[in-house]
Structures are given as C-alpha cells and as structure tokens.
Amino acid sequence: MDTQDIYTKSTVRCTVNGESKALHVYPMERLLDVLREQLRLTGTKEGCGEGECGACSVMIDGQIVNSCLVPVAQVEGASIQTIEGIATEDQLHAVQQAFIECGGAQCGICTPGMVLAAVDLLAKNSHPSESEIRNGLAGNLCRCTGYMKIFESVVRACEK
Amino acid sequence: MNLVGKPIPRKEGRKKVTGQALYVDDLSFPGMLHGVTVRSSVPRGRIKNISFDQPPATAGGSDRNIPWNEFTIVTAKDIRDLKLGENYVALILNDQPYLADEVVNHPEEAIVLLAHPDKYLLEEARRHVSIEYEELPAIFSLHDSLAQKEIIWGDDNVFKKFLVDKGNVDDVWAKADFIVEGEYETGAQEQLYIENNGAIALANPNDGVTVWGSMQCPYYVHKALIKLFGLPEEKIRVIQTETGGGFGGKEEYPSMIAGHAALLAWKSGLPVKMIYDRAEDMVATTKRHPSRTLHKTAVNKDGKLLAMEIDFVIDGGAYCTLSPVVLSRGTIHAAGPYFCPDVRIKSTAVATNLPPHGAFRGFGAPQSIFALERHLDKVAKTVGLTPEEFRRRNFIHEGETTATNQTIREKVDMDGLLNRAFELSDYHAKRERFARENGSDRPSRIRKGIGFASFMHGAGFTGSGEVYLQSVVGAEATPEGLIRILAASTEIGQGTNTIFAQIAADALGLGYDLFEVAQPDTAQVPNSGPTVASRTCMIVGKLVESAVVGLKQTLLGSGLLKDQYTQAEFQRACGDYIEKFGRLQSFSKYQPPPNILWDDEKYQGDAYGAFAWAVYVAEVSVDLLTYEAHVDDFVAVQEVGRVINPVLAAGQIEGGIAQAIGMTLYENVVWENGRMKNGQMTNYIMPTAADIPPIRVYFEENPYAYGPDGAKGIGELPMDGPAPAILNAIENATGESFNQIPLMPEKMMEDLVGQG
C-alpha cells in the first residue's frame, strides 16, 4: 500500500456478531476503534494499545486476537465476534455466569477480554488443567483479582 | 435474612461480564472534541517560548498542514484571561499548577492543552507544539534532596516532617545487650489499573461545569474545580462513571484531568473528552512513593525489644499532592504490631524533580512495613532466635500500647494468626526440608526458601481525620418501596455496591434486590468522603446501616409500619408514607466511637479506630542460573473483623497480594532524567496468570463493635506483607540478605556473584 492510500477511506465488508457490515473506514484504522466508535460496540476495551494486556480481545474467524493490533483492512470477509456477541438474548454464556458466581470480575475493565479468552480456551479444550488455564489466560492482564477467582470461574464454567 | 457473611454476587456483575458497563471512554456526546496535553520535556526549567509549528514539507508532499485555527488551545494564561479561578489543584498545599506557568518542575508537566474533533489530527498537532526552555539544575533522588544538592521546593525541599516519640530511646542504648542497625529501600510502583485516566467535560458560564470521569473521590474533583473555575459549589457537578480500577491512582489525579478537560470545554463551548493512552498515563500520573528507612533497634538477651529508632523518608516528587498523609500512615505503621516501651520515629517527605508521587494502596505503610519486617529477621538472627520466636516475644496484646501510645482495646491474637499461618503453609517442615536440600553436597540450581511477615493495617482516616471529614450517607425510598443508597463512595471493583446493599438489607431484614446504590454524582449524593484508606466498608458501611435504619424509624414513627413487618408491608408503608408526606429520606452523619483521642501536634493517641492484623507466609524458589525468584505458594491469614462477603473479601486480599508480588519481584520503574523510561506494559512488567502462585486466603473473624455487622477495613492490608515475606524467604533460600525492592534478577546476580 503506498502512502496516499492510508488517507483514503474505503469499504470493508465483514460480519460482526452474526450481522453483515459494510464499514466505511481508513484501511489502517485499528479494528478496536472501528468497533468502538463506528459500531458503538464499546464492550471491547483499550488497555495498552500495544497488544500486551488483552483488554481489546475479539475473535476473528474463531481466532482470539488483540484488536488494537489489527488494521481494519485485514478483516475483509472475516467473521468477528465481540463480547456483545457472547450471550444470547436471554441467556449468559456459561463462562459469564461463572464469572458472576465466582467473583471473576472486579472492576470489570479486563473482563470482556478475559471472558473471550476463557471462551476461546474452553472451545479448544473443554477440561483444561490448572496450568493450561494459567497459560491460556496469560495474554490477558488483570490488576484487581490476582487471577485466583478467574481460575475458579473457568473451572466452574467447565462443570456447567 | 442474614446476607452478611454470604458470597452474594456482585450487584453490577452482569453488566461487567456482558460488556454493557459504561466506562468514561464508552460515552460520547454530540459535537464532542477530543483533548490532549502537551507536556514538558525537561525536568526543571523556565518556559521561554511556545510555538505552534507545521510539519516540514516532504518529497511526496503527503503530510498534512496543521490547521491551527481549528484548534482550541489553552495555556496558563487562559486561566487569567478567561477570568476563571486559581491555577492550582486544590488539595493540601495547593502548590501544583493545572498548567505550568513560566516554570516547570518535572518531566511531563502539563503546559498546553489542545482540542479538536479529529483525534488523529490532534495527535499530529500535539507533536508540533514546540516549547523552548532555559533548563535549571534538577534532582532525582531522595538522597540528593535530603542533602540539599539543589533547593527545588520551599526553603529546604521538605513537604512534611513527623516525630513520634514514646519514652526516651536515648536512655536505652547503653543498657541494651544488642543494637542492630539496617537500611532498607523501596522503589516507585505504577498503579497500572487497566482503564487509564479519563474525563469528559461540559462547561460554560451559564450552566457551570459538569464532569464525567473515572475516579475514586468525586468530591475531591468537585473541590478542585470550584477553585479552578471560581464558581459556587452548585455550579460544579462531578459524576463517576464505571471505574476500571483505582488503587489510589484515581484518588487525586482525576482532579487534574477533569480540570484540563473542563478548561478546554469552557474555551471551546463544546463537550471535550480526554482519555490518556497507556504511555501517557504511566509517565505523567502518580506512582507509589519511593522510600528509604533506617532502623536502629535495642534488644535484650531474652529477645525483648527495648527501643526502636526509625528514620523514614519518602520521595514526594515535584509537588506536595498527598505526600504528608502518605508519610503519616507510613510513620504510624513503621513500628508494626509489636510492643516496645521506647520508640522514636522521625519521618520526612521530600521534593525531587520527578512527577509527583501519590496515593497507592497501602499509602506509605507497605514501604515502612517492608523495612521493619526485613529488619526484624536480622534482629532475630543477631539475638540467636528464630524469626518467629523473636516476634512471639514482642507481639502486641490487648492493653498494651503502640508506637503512638494507642492502647489496644480489642482482642488481638498475633500468636494465633502465626500458628495458623504456619500450620497451613507447613512452615516448619518446609523450613527444615529446604535447609537440608540447599545445604546438601550437590544442591540443585533451584534453591527453595520460606519466610513470613506479621503486620497490621489501620482502617479509616488517621487520627482526627474522620471527625474532620464529617461523612454523610443518605437513603431514599421510592413509592414502590425500593431503596436507593446515596453515597459518594465509589465502586472501583472492590465491591462497594454489593456490600452496601448487603449491610442495608440485613439492617432492615429485607431482600437484597430491594436495594440499589446510586451512581455517585455530586448533584445527587451527599459527601460520604473519599474512597480510600480502607474506610468504605468500616466507616461508610456503618453510615449506610444507620441511614436505612433511619428510614424504618421514620415509618414506625408515622404509624404506617408495625414493629414486625414483612417485605410487602415495608414496601407498602413506603408508598403510603410518600403519598401522605412526600419524600422518604434519611441521612446519617459520622459519629466517632467513644474514647478515640488523638493529638495532632504530638502525634500521640488513637491513630485508628481499628486495625486489621495479619501473618503472611511466602514460599519461593530462586534459580541460581538466571537469578529469577518465583513465588511458589502464598498463605495469607488475617483478622479483619466480620467478613461481609467472603468472595469479595478474598478477591481483595488475592488482588492485593498479586500487586505486592509485582512490587517485590517484577515492577521496576526505570528513571532517566526524572522521566519514566519504561512507560509501557511491554517493559514495565506486571504479573500475569502464569506468574502468580496459588494464593490461599484465610480469615479469622473478631467482630469490631463499631463497624457494620462487626466489619473492619481490608482493602490495603494485603499490600503490606508480601514484600518482606518474599525477601525473608529469598534470604532463607540463598543465605543473602536483600534489603531493596523491586529485587530484579540483575541485582540478585550482582549480590550473589559478589558473595561467591
């Protein structure tokens, strides 16, 4: 891409939480900003802007990614799932329910990303060991809980 | 109903797990501008000139010119020209300007504010504001400040001094069997809440100023904006949005960012949103005060403490902010949960040209307790006792006095806490096994160790602080019989909304769902004081209890409710009352418990209404190839009065311990000419899920007569014990005594290689 193009908006087509979207965007805008500002899906949070904290985690075609590191041009044709797409109309996901019961959320700012990381972990491994939970969530930082109640939440979600 | 003591799920839990909770950056207003701050690039100097430049023309010609006429620009001069109030952040000494005027005293000090609708263009523009300085000599350490290498603040670089003098230590040294001295240091620590500081402001001469923001203390922001704008209090409104962690980092700093956003909003006439990115939040906002503590301790041959002389110094950075209060708490906690007849504590908060240090969970106590609990292991060794036996001989008991001559009037059982912590951690067996393994002919490269710390933390404001605060909580019933609790105490993750509802529901014998905690908004809720100092549960919770009881008494007095009632009868009575008399409200104001006497001049008397008491045990392994230390197991036993909600309470303790493990082994603020060099999560490392050991939390419950349902404070306690427990364990593993945190592998290598 030459330098002129980054100042020209174009259309990116993708699916967000099951709905088709045509996004009129600068190609190098961060997916995080497009989700939050254009689609008003503010459940995805910015913590560090450099892919360290995981607060901006979303799923792209089933892969968990830091949306602060994804230029929106990359999601052409992709299916994106955000925290707003995890619960159904009337039912929380087992992970969300477990986070409420076990105290997995405190201030809540890392929670959307942490819930997505846990959902992703359980999708790949329905009964992870303690060390698999620890490693599976190591890309998502939490400053409030010391992680213990988050581990308990994941274990509880497995039992559901 | 007995909700207290049960793991009731968090009130706002559903909003948080679904991403529906709205933090300040999630809000948007029509026509809203974004705001940014241009900051000083030098640590100390005079501002010679400010210019608004254009990017140099490049070959491709693609760089845009900056349309400066579209920008709202605010400098210190505007505060005068717009005939606003005072250019200082109202707090204790009012020495910190909102915008530097002529001089700067630290790197990253705010000088110019810019606002524009396009945040990308705004960022370009920020980089093209040039500020010329005449640099002045600066100092960057408390040592240089004490030595007055340069006078940078007042006449002597000193923000505050305290002297606590119990008995006379000078009479004791001659008769001591042992005198043990030591020096201990702690570094800065970043709060690192995952949500950065942020605020949105609407401001104009007609409506006054309204600010939404991430904060712990809405009324601190309120007070600061009254001074900045020179407006009457009813013209300033401050609303707390969902807050993504605080830990003290959103105690005083929000007054700054709220003021900046409001200045831009006032000048532009439009709403202005100001959200820091991580780098700005890390380099420009407050951190934990670095400290240095000197100990001199006299002991007799039976291992009894005879005298303690402690010299405690903290680095406050360039402006006073809350340093005097941080110093006060650090001073009072410096002699720990021990009885010693003669104690002298001298303490000093000094100025340097670092960005101001501020509130951080524990508030000076983690620093002074780190020094004490490392030092006592050294004293025990000198006397020839085990660390635990030495402490057992000196633990404070009911009826004995602390360093400030506060007589402990509650049952305190440090021995019992120690026994339980040792049993749960298998301390003795492990200590023996590690000694055997580490001392064998072919020891592993991984050395294991176990250590502990015993300590206390006072709940609520120090001394007469709560009396001056005069906190008020309200409760209001709706016609449907729902009850809203009105308090300025904020939910920042610790569970305010939930425990207030539990306390209130139990006080009236009604269901949890009937109670809602109002969003803190200075136009709607009374001032229940700041959300700090482990006071929300013990002090404000008690006021919640009496406010809702006041509602019931009003209903009983009106004859609309009988002594024995069902929930439906109570709700109906609320509706009847409102129909007949109008509003049904009740307010409750702080009353100190009896016999609390404090002398602010001499620093003697009842420093805190109650203390939480604790013994923490850390098990570590140290890799002698990489010099990394890892905490393998952690046992935390504490007595905190009655536990209101065991899941939330354990969550507080676990989170505090993780943060303290970070402070001890991972989190190293690297300074370069007064600026944090590693202001990124990439190179300022906080513990991840893979780093934290199993943290095993146990509560002893000894109800406190003046707390709600017997509760005391717990928020800060877990920050105090881990650092000394971990370094005591590392000494057990390696035989080397480290007296400085953070203890990074480089430092460990230096000392251990030197030793070899």
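Analyst: Helices (H or I, at least four residues) and strands (E, at least two) are DSSP runs, numbered from the N terminus. Glu667(B) falls between two such runs: it lies in the loop between α17 (646-666) and β25 (671-672) of chain B. This is a predicted model, where local features need pLDDT of at least 70, side-chain atom pairs count only at pLDDT 80 or more, and totals for chains, interfaces and linings use all residues. Residues are numbered from 1 along each chain as written, chains are lettered from A and ligands numbered from 1 in written order, and side-chain values use heavy atoms, without hydrogens and water.

User: Why is Glu667(B) called buried?

Analyst: Buried means under 20% relative accessible area, exposed over 50%, partly exposed in between (1.4 Å probe, protein chains only). Glu667(B) has 1% relative accessibility, so it counts as buried.

User: What makes the link between the side chains of Glu667(B) and Arg143(A) a polar contact?

Analyst: A polar contact is a pair of N or O atoms within 3.5 Å; within protein, one must be able to donate a hydrogen and the other to accept it, and residues adjacent in sequence count only if both atoms are side-chain atoms. The Glu667(B) and Arg143(A) side chains make theirs at 2.7 Å. A polar contact of 2.7 Å also joins the side chains of Glu667(B) and Tyr684(B).

User: Which residues does Glu667(B) touch, not counting those up to four places away in sequence?

Analyst: Contact means heavy atoms within 4.5 Å. Among them are Arg143(A), Ala188(B), Tyr684(B) and Pro742(B).

User: Why is Asp633(B) called buried?

Analyst: Its relative accessible area is 9%, so Asp633(B) passes the cut-off and is buried. Asp633(B) sits in strand β24 (residues 629-639) of chain B. Its side chain joins that of Arg696(B) in a polar contact of 2.6 Å. Beyond four places in sequence, Asp633(B) is in contact with residues including Lys430(B), Val617(B) and Pro693(B).

User: Now chain A. What is its pattern along the sequence?

Analyst: Chain A reads β-β-α-β-β-β-α-α-α-α. That gives five helices and five strands.
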